[in-house]
Amino acid sequence: MTPHGAVRFSVPVPNLRIERVDGETGLKDWQYVHNLIIPAATLSLDEVRERSGRNLLDVAYADNVLVGCTTVRPPTSDNGSTATVIARILPEHRRQGFGETLYERGLAQARELGAEVIETVVWTANVDGLRFAEKHGFVEFDRYQLPGDDVDWIDLRLA
Ligand SMILES: CC(C)(COP(=O)(O)OP(=O)(O)OC[C@H]1O[C@@H](n2cnc3c(N)ncnc32)[C@H](O)[C@@H]1OP(=O)(O)O)[C@@H](O)C(=O)NCCC(=O)NCCS
């Protein structure tokens, strides 16, 4: 009861577990989220495996249910210390704070790797992703289409 006599209900907060992709299950879970959210650029398991060797790929589970994944492309000496951070949350698990947690974690990982500039990439069919990026201070600096796809991709940089 609150001091005013109202009954206070406590909403259970799901236990979010975030893991580095390691082994077949992680690779497949990361691939599932990626390909569902970006059907225009699906990746084979071998392609995901190859990316896991050069990027930080994490997967997220809420109460052991797969909810999302991240990509952090580390900065390199020839790209002006620029890292790319991308958070992805399955549509049915959005607006519960998971994306924010994954994004903040990816940002921290990028900074730890020495990134001075942070970029992200959005396939514009992902309206939620574009709104999230703009709300978090990213500004568009490039727009293009990939062969065989008539939907724009946008590169954005953290202002
Ligand atoms: C971007 C994405 C990861 C956000 O995931 P999410 O779990 O829904 O985000 P959160 O619940 O943590 O949202 C945190 C805050 O971001 C903002 N936000 C998130 N989605 C938004 C939307 N569609 N429109 C406007 N603001 C939004 C809000 O401020 C929100 O807080 P609120 O819910 O209290 O208003 C998800 O929409 C997604 O996977 N999109 C497709 C992938 C993509 O394009 N990623 C690139 C962005 S890095």
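This is a predicted model: local features need pLDDT of at least 70, side-chain atom pairs count only at pLDDT 80 or more; totals for chains, interfaces and linings use all residues.
Local features here need pLDDT of at least 70 and side-chain atom pairs count only at pLDDT 80 or more, while totals for chains, interfaces and linings use all residues. Residues are numbered from 1 along each chain as its sequence is written, and side-chain values use heavy atoms, with hydrogens and water left out.

**The whole chain**

Start with the protein in cartoon view. Its C-alpha atoms fill a box of roughly 60 × 35 × 35 Å along the principal axes. The secondary structure comes to 4 helices and 7 strands; helices (H or I, at least four residues) and strands (E, at least two) are DSSP runs, numbered from the N terminus. Followed from the N terminus, the elements run β-α-α-β-β-β-α-β-α-β-β. Of the 159 residues, 42% count as buried. Buried means under 20% relative accessible area, exposed over 50%, and partly exposed in between, with a 1.4 Å probe and protein chains only.

**The ligand**

Select the ligand next. The space it takes is the largest pocket. A pocket is found on a 1 Å grid over the protein atoms alone, as an open set of points with protein on both sides within 12 Å along at least five of seven lines. A molecule sits in a pocket if more than half of its atoms lie within 2 Å of the grid points.

At aspartate 128, a polar side-chain atom lies 2.9 Å from a ligand nitrogen. At lysine 135, a side-chain N or O atom is 3.4 Å from an oxygen atom of the ligand. The ligand taken alone exposes 910 Å², of which the protein buries 84%; these areas come from the Shrake-Rupley method with a 1.4 Å probe.

**The loop between β4 and α3**

Go to arginine 95, in the loop between β4 and α3. Is this residue buried or exposed? Arginine 95 counts as exposed, because its relative accessibility is 81%. Its phi is positive, about 60 degrees, although it is not a glycine. Most residues other than glycine have a negative phi.

Glutamine 96 is in the loop between β4 and α3 as well. Its relative accessible area is 46%, so it is partly exposed. A polar atom of its side chain lies 3.4 Å from the backbone oxygen of histidine 93. To arginine 20, which is 76 residues away in sequence, the C-alpha distance is 22 Å.

**Other stops**

Select aspartate 63, in the loop between β2 (56-62) and β3 (65-73). Aspartate 63 has a positive phi of about 50 degrees and is not a glycine.

Move to arginine 111 in helix α3. Arginine 111 is partly exposed, with a relative accessible area of 42%. Its C-alpha atom is 9.8 Å from that of serine 81, 30 residues apart along the chain.

End at isoleucine 154 in strand β7 (residues 153-158). Isoleucine 154 has a relative accessible area of 0%, so it is buried. Its C-alpha atom and that of arginine 51, 103 residues apart along the chain, are separated by 21 Å.

Note on methods
A polar contact is a pair of N or O atoms within 3.5 Å; within protein, one must be able to donate a hydrogen and the other to accept it, and residues adjacent in sequence count only if both atoms are side-chain atoms. On a 1 Å grid over the protein atoms alone, a cavity is a set of points where a 1.4 Å probe fits but cannot get out, and a pocket is an open set with protein on both sides within 12 Å along at least five of seven lines; lining residues have an atom within 4 Å of a point.
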